[in-house]
Structures are given as C-alpha cells and as structure tokens.
Amino acid sequence: MGVTKDILKQARDGGIIEFDHTNYSQIDTIVEQNAELTTLFNNTYHNADGRRELLSKIFGYNLPATTTINAPFNTDFGRHTRVGERVFINKDCLFVDLGGVTIEDDVLIGPRVTLISVNHVENPSQRRNLITKSVHIKRHAWLGANVTVLPGVTIGENAIVGAGSVVTKDVPDNTVVVGNPAKKLRMTNV
C-alpha cells in the first residue's frame with residue numbers, strides 16, 4: 001500500500017492540490033466546521049473574550065490578547081492563518097487561507113481587505129485543482145481599505161498599500177504602493 005501525502009501539509013507548503021486527491025475530504029470537513037464558527041462569530045454578539053475564544057477555534061491556536069479582529073470576518077479554512085501581536089483587522093475582511101496567511105506583529109488591515117492564498121489551474125479539464133501559495137504580511141505593514149493581495153505575495157516591513165489596490169507582486173520593505181496592479185508610489189517616512 002502506497003503512502004498518502006498529508007494534504008493539509010501539502011496545501012501549506014504550496015503547489016497543486018488535486019481535487020480528486022484521496023484525502024481532499026479533510027479540507028471540506030474543516031471548511032464546513034469553520035463555516036459554523038464564522039457564522040457564530042459574525043451573527044451573535046460576543047464580548048472581547050468571547051470573540052477571541054471563537055477566533056482561537058477558527059485558527060486552531062490562542063489568538064494573542066493584544067490582537068483585534070472586528071466582525072464580520074470571514075476565512076474559508078481558518079487553520080492556516082497565523083496572526084501576531086498588536087494586529088488590528090477591521091471589519092468585512094476575507095481570508096482564503098488554505099495555502100497559508102501569515103500576519104506579523106503590529107500590522108494594520110483596513111476594512112474589506114481580501115488575502116488570497118489559493119488559485120485554480122488554467123486548464124479547463126483540471127480547473128477544480130487548486131494551486132496554493134502563501135501570503136505574508138510583515139511587521140508594521142498597513143493595508144488600506146478594500147485591498148486585495150493575491151497568492152504568493154509578501155508585503156514588506158513598514159510597507160503601505162493604498163486603498164483599493166490589487167497586489168500581484170511582492171512589495172519591498174518601507175514602500176508605498178497603490179493601484180491595480182499596485183505599483184510603487186514612493187518610500188515610506190521611516
């Protein structure tokens with residue numbers, strides 16, 4: 001009997017996840033459990049401790065007490081998101097995190113930001129297959145309202161992404177980018 005790859009580790013490591021993989025149902029099961037938790041988080045009043053407890057269940061680890069995530073908040077998978085200390089995530093954000101989302105300390109994320117770590121294969125006969133590439137937001141970065149960050153992108157330390165930008169490529173440290181696709185505007189005042 002052959003060894004079956006751990007599909008969750010494979011998703012975090014990046015690459016192609018085949019829709020007909022023997023263990024694809026593990027992803028579906030976690031997505032289903034996560035849908036229940038995010039619905040509860042978004043549709044029922046909870047104090048700060050209650051919100052943190054639900055978010056800790058969504059992410060699968062204890063969310064730092066210094067971090068704030070406002071409802072509504074959605075993540076399809078949840079367990080591949082890592083959030084640091086003193087992070088602020090405003091409302092209406094969406095994380096597609098099967099491929100991994102890392103948010104380092106002191107990051108500010110504006111309302112309606114979308115972080116996407118998953119894409120699909122172009123070939124129509126294989127389009128249900130997923131391509132995972134992690135998203136990384138480094139220390140002190142600031143993402144303005146309605147920013148979209150695509151798979152495999154790293155936002156550098158102290159970088160600023162202007163509202164409404166679509167980030168398709170890595171953003172260097174200490175850089176301000178704007179637009180669709182996001183382009184360098186200037187260096188930050190650090």
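How much space lies in the largest pocket?

## The largest pocket

In this predicted model, the space in the largest pocket comes to about 210 Å³. Its lining is made up of Tyr24, Ile27, Asp28, Val31, Asp76, Phe77, Val96, Leu98, Val118, Asn119, His120 and Leu130, and by class these divide into eight nonpolar, two polar and two charged residues.

Helix α2 (24–43) and strand β10 (118–120) each supply at least two residues of this lining, with α2 giving the most, namely four residues.

## The parallel sheet

Five strands, in the order β3-β6-β9-β14-β17, form an open sheet whose pairing is parallel. Because β3 (73–75) and β17 (166–167) stand at the edges and each have a single partner strand, one side of each is left without a neighbour in the sheet.

Within the sheet, strand β6 (residues 93–96) runs parallel to strand β9 (residues 114–116) and is joined to β9 by three bridges. Val96, which also belongs to the lining of the largest pocket, has Ile116 in β9 as its bridge partner.

## The β18–β19 hairpin

Strand β18 (residues 175–178) pairs with β19 in the antiparallel sense, over four bridges, and Val176 stands opposite Arg186 in β19. Four residues lie between the two strands of this hairpin, in which Gly179 takes a positive phi near 105°.

Does β19 lie largely buried or in the open? Strand β19 (residues 183–187) has five residues, and the number of them that are buried, with under 20% relative accessible area, is zero, so this strand lies largely in the open.

Conventions
Residues are numbered from 1 along each chain as its sequence is written. This is a predicted model: local features need pLDDT of at least 70, side-chain atom pairs count only at pLDDT 80 or more; totals for chains, interfaces and linings use all residues. Side-chain values use heavy atoms; hydrogens and water are left out. Buried means under 20% relative accessible area, exposed over 50%, partly exposed in between (1.4 Å probe, protein chains only). Two strands pair if DSSP finds at least two bridges between them. On a 1 Å grid over the protein atoms alone, a cavity is a set of points where a 1.4 Å probe fits but cannot get out, and a pocket is an open set with protein on both sides within 12 Å along at least five of seven lines; lining residues have an atom within 4 Å of a point. Grid points are joined across faces, edges and corners, and a volume is the space filled by probe spheres set on the points. Ala, Val, Leu, Ile, Met, Phe, Trp, Tyr, Cys and Pro count as nonpolar, Asp, Glu, Lys and Arg as charged, and the others, Gly among them, as polar.
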